[in-house]
Amino acid sequence: VQLQASGGGLVQAGESLRLSCVASASIHTIPVVAWYRQAPGKQRELVASIRHGFGIDYADSVKGRFTISRDNVKNTLVLQMNNLRPEDTAVYLCNGQRGNERYWGQGTQVTVSS
């Protein structure tokens with residue numbers, strides 16, 4: 001499965017961005033889909049995930065500001081990011097997990113200026 005992420009950019013604090021990740025296969029067959037991010041000098045962290053049968057989880061730092069969703073018709077994973085903060089600056093990567101298989105998109109840069 002190939003994942004293609006897009007939608008990053010440079011915004012000011014308080015603004016919004018919408019990230020998309022298109023899967024090459026039917027996304028509804030991937031039990032776990034998620035967005036991660038990695039800032040310079042920091043470890044990769046889980047931002048939000050959708051786990052089939054278990055629901056949606058968010059990192060505490062993005063709760064109330066970010067929304068993850070999945071469009072099974074368009075095979076797309078979306079991350080709506082509102083009220084962005086400078087500390088949200090990172091490369092955002094989409095991820096899929098199916099059994100022992102892990103799929104990663106190429107990442108999209110999000111930069112938030114203060």
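**Strand pairing and hairpins**

Strands β9 and β10 form a hairpin with two residues between them. In this turn, Gly-99 has a positive phi of about 65°. The model is a predicted one. The two strands pair in the antiparallel sense, over four bridges. β10 covers residues 101-104. Within this pair, Gln-97 has Arg-102 of β10 as its bridge partner.

Strand β9 also pairs elsewhere. Strand β4, residues 32-38, runs antiparallel to β9, and seven bridges link them.

The burial of β9 was examined next. This strand spans residues 90-98. Seven of its nine residues are buried, so β9 is largely enclosed by the rest of the structure. The cut-off for a buried residue is a relative accessible area under 20%.

A second hairpin is built from β5 and β6, with three residues between the strands. Gly-53 takes a positive phi in this hairpin, near 85°. β5 comprises residues 45-51 and β6 residues 55-58. The two strands run antiparallel and are joined by four bridges. Ala-48 faces Tyr-58 of β6 across the pair.

Strands of a sheet pair through backbone hydrogen bonds, in either a parallel or an antiparallel arrangement. In the open sheet, four strands follow the order β1-β3-β8-β7, and the pairing is antiparallel. β1 (3-6) and β7 (66-71) stand at the edges. Each has a single partner strand, so one side of each is left without a neighbour in the sheet. On average, neighbouring strands of this sheet are turned by 15° against each other, direction ignored.

Within the order β1-β3-β8-β7, β3 stands next to β8. β3 holds residues 17-23, and β8 holds residues 76-81. Six bridges connect these two strands in the antiparallel sense.

Terms used:
Residues numbered from 1 in each chain as written. Predicted model: local features only at pLDDT ≥ 70, side-chain atom pairs only at ≥ 80, totals over all residues. Heavy atoms only, no water. Pairing = 2+ DSSP bridges. Axes fitted to C-alpha atoms, helices over the stretch in contact; angles between N-to-C directions. Buried < 20%, exposed > 50% of the residue type's maximum accessible area, 1.4 Å probe, protein only.
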